Amino acid sequence: MVALGGNALAPDATHSSIADQFRHARTSMAPLVAFAKDGWRIAIVHGNGPQVGDELVRQEMARHRAPPLPLGVLVAGTAGWIGYMLQQSLENGLARQGIKREVITLVTQTLVDPRDPLLDDPSKPIGHELREEDVEDLRRHGIAVGRDGAGEWRRLAPSPKPIGVVEAALVRRLVAAGVIVIAAGGGGPAVYRSEELGYEGLDVVVDKDRVAMVLAIELAADVLMFLTDVAGVYRGWGTPGAELIPRLAVDEA
């Protein structure tokens with residue numbers, strides 16, 4: 001089970017064109033080719049923090065020309081086009097090594113509790129870092145902003161805890177058949193179960209690391225791997241005393 005950070009695809013706010021993101025996608029997928037060659041069954045979850053934030057900016061700028069799309073729909077959209085980048089990059093990498101493995105992107109839905117108190121607490125940073133002059137303007141328009149772990153101003157979105165992936169059984173069958181599956185992109189569009197209507201969407205962003213954990217349990221994965229744009233896990237991240245943790249015991253975690 002691989003969790004790929006959205007920042008690993010767009011680490012630089014000034015260099016996040018699609019061409020740059022494809023380049024980062026190819027780099028990020030390269031290590032997985034070796035795992036595929038060794039016969040590992042692989043599922044991939046990716047983030048979308050910078051990408052979905054950019055999508056919100058596009059929606060706001062074009063709101064007078066076309067009806068804006070809500071956050072939940074934008075999460076589904078980024079799951080599609082980021083999945084396309086990863087899928088193509090992985091397929092090309094496998095082909096170069098002569099490895100015959102199929103790759104597929106699934107837009108899956110992430111089940112959350114509609115009573116989760118985190119729904120009322122915008123706390124997950126999305127988008128690239130903001131300029132100081134933009135912060136007050138966003139606040140005037142009712143958009144939540146705050147500082148991230150690195151001390152940068154970012155947009156904030158509610159981020160409820162995932163309790164399941166609706167299409168987990170399908171992912172399990174595909175992975176068991178040897179297909180490399182990209183699922184729960186951007187944490188997956190969040191849904192809850194309504195007695196009257198069935199699944200209903202929510203305008204939130206679910207943390208992809210938490211969804212990767214839930215899906216790893218559903219798949220009975222042997223390994224849960226996080227690919228990020230930093231060297232590793234830090235104690236005291238964003239502080240002068242930040243310390244890299246090269247190995248972490250379960251009790252300490």
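Biologist: Which residue in E12 is the bridge partner of Leu4?

Modeller: Leu227 is the bridge partner of Leu4 in E12. A caveat before we go on: this is a predicted model, where local features need pLDDT of at least 70, side-chain atom pairs count only at pLDDT 80 or more, and totals for chains, interfaces and linings use all residues. Residues are numbered from 1 along each chain as its sequence is written, and side-chain values use heavy atoms, with hydrogens and water left out.

Biologist: How many bridges join E1 to E12?

Modeller: 3 bridges join strand E1 (residues 2–4) to E12, and the two run parallel. Strands here are DSSP runs of E with at least two residues, helices are runs of H or I with at least four, and both are numbered from the N terminus. Two strands pair if DSSP finds at least two bridges between them.

Biologist: What is the strand order in the open sheet of 5 strands?

Modeller: The order is E3-E9-E2-E1-E12, with parallel pairing. Strand E3 (103–105) and E12 are the edge strands, each pairing on one side only. The twist averages 20° from one strand to the next. Angles run from 0 to 180 degrees between N-to-C directions, with axes fitted to C-alpha atoms, for helices over the stretch in contact.

Biologist: Which strands does H2 lie across?

Modeller: Helix H2 (residues 18–37) lies across E1, strand E2 (43–46), strand E9 (180–182) and E12. H2 runs at about 170° to E1. Helix H4 (residues 71–96) also packs on the sheet, touching E1, E2, E3 and E9. The direction of H4 makes about 175° with that of E3. Contact means heavy atoms within 4.5 Å.

Biologist: Gln87 next. Where is Gln87 placed, and is Gln87 buried or exposed?

Modeller: Gln87 is in helix H4. Gln87 counts as buried, at 18% relative accessibility. Buried means under 20% relative accessible area, exposed over 50%, and partly exposed in between, with a 1.4 Å probe and protein chains only. Leaving out residues up to four places away in sequence, Gln87 touches Val103, Ile104, Thr105 and Ile182.

Biologist: Now the open sheet of 4 strands. What is its order?

Modeller: E8-E4-E10-E11, with mixed pairing.

Biologist: Why is one side of E8 and E11 left without a neighbour in the sheet?

Modeller: Strand E8 (162–165) and strand E11 (198–201) stand at the edges with a single partner strand each, so one side of each has no neighbour in the sheet. Neighbouring strands of this sheet are turned by 45° against each other on average, direction ignored.

Biologist: How do E4 and E8 run?

Modeller: Antiparallel, with 3 bridges joining strand E4 (residues 110–112) to E8. Val112 stands opposite Pro162 in E8. H7 lies across E4 and E8, running at about 50° to E8.

Biologist: Pockets now. What volume does the largest pocket have?

Modeller: About 1200 Å³. A pocket is an open set of points on a 1 Å grid over the protein atoms alone, with protein on both sides within 12 Å along at least five of seven lines; lining residues have an atom within 4 Å of a point. Points are joined across faces, edges and corners, and the volume is the space filled by probe spheres set on them.

Biologist: How many residues line the largest pocket?

Modeller: 38 residues, with Asn7, Lys208, Asp209, Thr228 and Asp229 nearest its centre. Among the elements giving two or more residues to that lining are helix H1 (6–9), helix H7 (208–219) and strand E12 (225–227). By class, the lining has 16 nonpolar, 12 polar and 10 charged residues. Nonpolar covers Ala, Val, Leu, Ile, Met, Phe, Trp, Tyr, Cys and Pro; charged covers Asp, Glu, Lys and Arg; the others, Gly among them, are polar.

Biologist: And the second largest pocket: which element gives the largest share of its lining?

Modeller: H3, with 8 residues. The volume of the second largest pocket is about 780 Å³. Its lining has 31 residues, and Val57, Glu60, Leu138, Ile143 and Arg155 lie nearest the centre.

Biologist: Last one, Pro11. What does Pro11 touch?

Modeller: His24 and Asp229, not counting residues up to four places away in sequence. Pro11 is in the loop between H1 and H2, and is partly exposed, with a relative accessible area of 41%.

Definitions and conventions:
1 Å grid on protein atoms, 1.4 Å probe; cavity = no way out; pocket = protein on both sides within 12 Å on 5 of 7 lines; lining within 4 Å.
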